[in-house]
Amino acid sequence: MPYARAVDGTRLHYETFGRRSAPAVLMIQGLGADKHGWDMQRFVLAGRYYVIAFDNRGAGRSDKPFGSYSMDQMSDDAIAVLNAVPVSAAHVVGASMGGVIAQFMAVRHPERVLSLTLACTACRDHQWRRDLMKRWMQTALERGMPALAHEAARWVMAPRSFRRLVPTFGWLGPLAMGRPAHAFAAQVRAILATDESLADELSNIDVPTLVIVGNQDILTPRGDSEEIAERIPGAELVVVSGAAHGFMVEHASTFNRILLEFLRRASSVGSAAAPA
């Protein structure tokens with residue numbers, strides 16, 4: 001079971017799929033989720049790319065240290081994974097909090113990023129979302145992760161999917177399965193500690209960028225993606241009809257088609273990632 005080591009010694013679990021000689025794609029999941037959030041993408045991508053999926057600190061099989069996390073630190077974690085593989089640069093795909101980490105990577109480590117795919121994410125947090133994150137953190141710490149997962153499900157899934165899936169599965173998704181509350185809270189605090197300076201840095205990003213959002217996303221609404229696309233020179237914006245925050249699962253075939261087409265074009269204008 002492969003692990004990378006972060007600067008502070010935290011172990012970061014990762015897996016790779018596909019041909020070692022193919023262009024590399026690094027996939028970064030969001031708040032509380034692990035690499036399995038990409039299960040509907042990573043095996044499809046592996047036919048053409050060398051896919052690297054990892055668990056952020058605080059999730060999955062990665063270490064879950066107590067104390068504070070930060071977006072700077074978590075973007076450095078992603079670089080540590082690339083170093084461990086090793087890959088010199090990769091197409092970076094990030095969802096939600098993973099999209100914020102991907103933006104930090106592109107700003108702080110531009111030489112490691114071949115292209116950006118930013119799904120259901122934002123470059124700064126509105127006060128209403130900060131208040132929501134604080135409430136989720138309080139629920140997790142006081143009532144446990146299953147209670148938090150049920151509360152969060154309505155923000156992640158479209159109403160039709162919520163009615164269809166919750167009665168069957170009880171929404172036991174990645175947030176409810178074995179995630180310690182302290183690690184979830186640490187990730188939330190990392191989000192809350194991020195100031196708005198990131199938004200001002202996006203104009204410096206100089207790689208092909210795809211910004212993709214569902215038109216039913218109420219957690220990171222379309223306006224957040226429009227702002228990112230306006231700030232990153234040449235960024236493409238795609239809005240998926242009928243999709244909510246978790247559209248890479250609910251609308252996997254549509255998401256995969258759009259992502260594969262973008263990666264094909266991004267790979268044609270940039271060089272393939274080579275082993276470090």
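Reader: In E4, which residue is the bridge partner of phenylalanine 17?
Author: This is a predicted model. Phenylalanine 17 pairs into E4. E2 covers residues 11–17, and four bridges tie it to E4. The partner of phenylalanine 17 there is valine 51.

Reader: Do E2 and E4 run parallel or antiparallel?
Author: E2 spans residues 11–17. Four bridges connect E2 with E4. The direction of this pair is antiparallel.

Reader: What handedness does the β-α-β unit of E3, helix H1 and E4 have?
Author: The two strands, E3 and E4, are parallel. Helix H1, residues 39–45, belongs to the unit along with both strands. The unit is right-handed.

Reader: How many of the five residues of strand E4 are buried?
Author: Buried means under 20% relative accessible area. In a regular strand, side chains alternate between the two faces of the sheet. On one side of E4, Tyr50, Ile52 and Phe54 are buried; on the other, Val51 and Ala53 are buried. E4 is largely enclosed by the rest of the structure, because the buried count is five of the five.

Reader: Which residue does a cis peptide bond join to valine 85?
Author: Omega of this bond is about -10 degrees. The cis bond joins valine 85 to proline 86.

Reader: Does serine 96 count as buried or exposed?
Author: Serine 96 sits in the loop between E5 and helix H3 (97–108). Its phi is near 55 degrees, a positive value in a residue other than glycine. Relative accessibility is 18%, and the cut-off is under 20%. So serine 96 counts as buried.

Reader: What is the relative accessible area of cysteine 120?
Author: Cysteine 120 lies in the loop between strand E6 (113–119) and helix H4 (127–143). Phi of cysteine 120 is positive, near 40 degrees, in a residue other than glycine. Cysteine 120 is buried, and its relative accessible area is 1%.

Reader: Among contacts between residues at least 6 apart in sequence, what share joins residues at least 24 apart?
Author: The chain has 11 helices and eight strands. Of its 276 residues, 57% count as buried. For the contacts in question, the share joining residues at least 24 apart is 78%.

Conventions. Residues are numbered from 1 along each chain as its sequence is written. This is a predicted model: local features need pLDDT of at least 70, side-chain atom pairs count only at pLDDT 80 or more; totals for chains, interfaces and linings use all residues. Side-chain values use heavy atoms; hydrogens and water are left out. Buried means under 20% relative accessible area, exposed over 50%, partly exposed in between (1.4 Å probe, protein chains only). Contact means heavy atoms within 4.5 Å. Two strands pair if DSSP finds at least two bridges between them. A crossover is right-handed if, with the strands pointing away from the viewer, the path from the first strand over the helix to the second runs clockwise.
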